[in-house]
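Dear colleague,

Please find below the structure that I am handing over to you.

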Protein chains: 2
Amino acid sequence: MFQCSNDYMIGILDSNLGGLILIKEIINKFPEYQILYFAHTARGPFDNKGEGTIKKCAEQGIDFLIKKGAKLIIVSDPCMAIVLKDTKTKVPVISLIDWLMDSAVKKSQNKRVGVIASHAVINSDFASKAIHQIDKGVKVLTKATPLLWPLIREGWLKRAVTKKVLKTYLYNLHCKQIDTLVLTDPVYSLLQDIIQIKIGRQVKIISPISIIGPYLQKFLEDKPEIKKGLQKGHKHQFFVSDANCQVKTLASQWLGQKIQLKEI
Amino acid sequence: MFQCSNDYMIGILDSNLGGLILIKEIINKFPEYQILYFAHTARGPFDNKGEGTIKKCAEQGIDFLIKKGAKLIIVSDPCMAIVLKDTKTKVPVISLIDWLMDSAVKKSQNKRVGVIASHAVINSDFASKAIHQIDKGVKVLTKATPLLWPLIREGWLKRAVTKKVLKTYLYNLHCKQIDTLVLTDPVYSLLQDIIQIKIGRQVKIISPISIIGPYLQKFLEDKPEIKKGLQKGHKHQFFVSDANCQVKTLASQWLGQKIQLKEI
């Protein structure tokens with residue numbers, strides 16, 4: 001069992017380190033709060049795994065974060081967020097992907113929203129369900145983009161191959177005249193410039209980075225009892241379940257600073 | 001605990017289903033033997049995981065296969081094979097990658113061998129060590145090719161993007177005048193035609209498919225006590241630790257027949 005903590009922090013649950021890009025933005029926008037990060041790197045990526053496997057890992061992560069002192073948890077990995085839908089937890093668990101869908105509905109004017117995500121997210125039909133719960137009149141067009149993660153992990157951010165892959169992935173969404181495109185994974189924002197070119201300048205891009213500030217601000221204003229309980233300070237803590245060399249390198253690159261990753 | 005079995009079979013330990021391509025070849029060359037397959041799909045891919053994580057999973061797989069009746073085990077996943085190096089087991093555990101390196105040394109005439117593999121295999125420096133144990137005079141040139149698996153899984157076998165990625169990956173090996181190229185993963189053989197074009201017609205390709213027949217034949221001749229103990233029949237059994245839709249589809253595609261995948 002994990003040791004309990006009396007420091008109350010904002011917990012981030014992740015699988016593949018993409019959440020670190022989100023944390024960079026949270027630290028930037030809310031420098032007063034402490035972050036508690038856990039990525040289940042020994043088990044992810046979850047793109048090609050079944051719901052049962054993902055749920056077990058997500059619940060382990062939630063359990064760890066609560067015991068370590070998370071007062072609220074933001075699930076940055078979309079696959080984990082989806083399977084946690086009806087899980088009962090002791091602290092509020094926020095699915096980043098829910099906020100993304102909400103933002104997309106609010107921003108779209110022609111009511112045609114595109115969503116790019118992993119196979120697991122697209123196959124779950126989550127995007128349509130979440131958007132239609134808010135507005136049944138929105139047409140949701142999805143595309144699985146499983147090659148983006150491997151390309152990003154390789155650092156091939158500006159290569160011709162990456163541009164070609166994005167062109168292929170986005171062609172249909174472009175033809176179907178979406179006016180809003182949701183990037184479900186924080187790491188996709190590393191390709192945002194090329195995505196914007198390939199999908200067209202008139203399309204608004206909704207990314208975890210663009211929404212986290214205003215949505216987290218509003219959440220904390222609506223829940224003053226949680227806001228009050230959050231510890232002030234800069235002692236962010238970063239945990240992973242597998243701290244191999246590549247994980248350490250990517251963590252520093254994506255967070256933009258050297259960090260101490262603890263393996264549990 | 002797993003239930004024990006009295007059927008003695010050839011066990012195949014895998015992570016990402018690539019071993020099914022190997023099984024197709026084994027069934028073709030040795031139709032009399034029964035195969036017992038286990039892929040730890042709930043935990044793999046192991047490309048970006050540390051040695052501790054991979055070893056734990058590999059040992060779980062070995063344990064399962066032995067209890068189910070494996071009389072010998074062929075480890076088709078190179079990452080798993082490497083970490084099992086000094087593990088003591090009750091039945092012979094054969095690393096496919098060892099056979100590949102042995103074959104490459106025998107086939108190379110200019111003593112310049114190229115190896116393509118995942119990051120975990122390349123970073124471990126396994127290829128050089130294994131080859132230098134046989135012949136210190138062989139120059140080993142390696143290249144990590146992590147994008148091949150995602151491209152193959154997507155079925156992008158003949159796309160321009162895949163050709164471009166292979167050209168990039170193989171350019172240096174081509175310039176350094178290797179005469180032998182080792183494909184460490186059985187799934188790479190699905191791209192063998194393009195690999196042959198990009199690396200040059202004069203380069204001999206050593207693949208799991210090309211070596212499994214003669215090496216397994218010799219192994220069984222050298223160990224008649226094992227050969228004698230193997231059960232005859234066609235009741236192959238296929239187990240995975242996560243049987244999601246994509247796993248089921250790929251399994252049928254790569255083995256070339258519909259199979260019943262049991263989830264454990």
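The second largest pocket of this predicted model is lined by 26 residues. Those nearest its centre are K49(A), G50(A), E51(A), I54(A) and A120(A). The volume of this second largest pocket is about 470 Å³.

Several helices contribute to the second largest pocket. In chain A, α2 (51-68), α3 (78-83) and α5 (119-123) each supply at least two residues of the lining, as does α12 (245-255) of chain B. The largest share, 5 residues, is that of α2(A).

I turn now to the largest pocket. Its volume is about 810 Å³, and 38 residues line it. Nearest the centre of the largest pocket lie H119(B), A120(B), V121(B), N123(B) and S124(B).

Both chains are again represented among the helices that each give at least two residues to the lining of the largest pocket. From chain A these are α7 (148-153) and α12 (245-255); from chain B they are α2 (51-68), α3 (78-83), α4 (96-107), α5 (119-123) and α6 (126-134). Here the largest share comes from α12(A), with 6 residues. The lining of the largest pocket divides into 16 nonpolar, 11 polar and 11 charged residues.

With kind regards

Key:
Residues numbered from 1 in each chain as written. Chains lettered and ligands numbered in written order. Predicted model: local features only at pLDDT ≥ 70, side-chain atom pairs only at ≥ 80, totals over all residues. Heavy atoms only, no water. 1 Å grid on protein atoms, 1.4 Å probe; cavity = no way out; pocket = protein on both sides within 12 Å on 5 of 7 lines; lining within 4 Å. Points joined across faces, edges and corners; volume = space filled by probe spheres on them. Helix = DSSP H or I, 4+ residues; strand = E, 2+ residues; numbered from the N terminus. Nonpolar A, V, L, I, M, F, W, Y, C, P; charged D, E, K, R; others polar.
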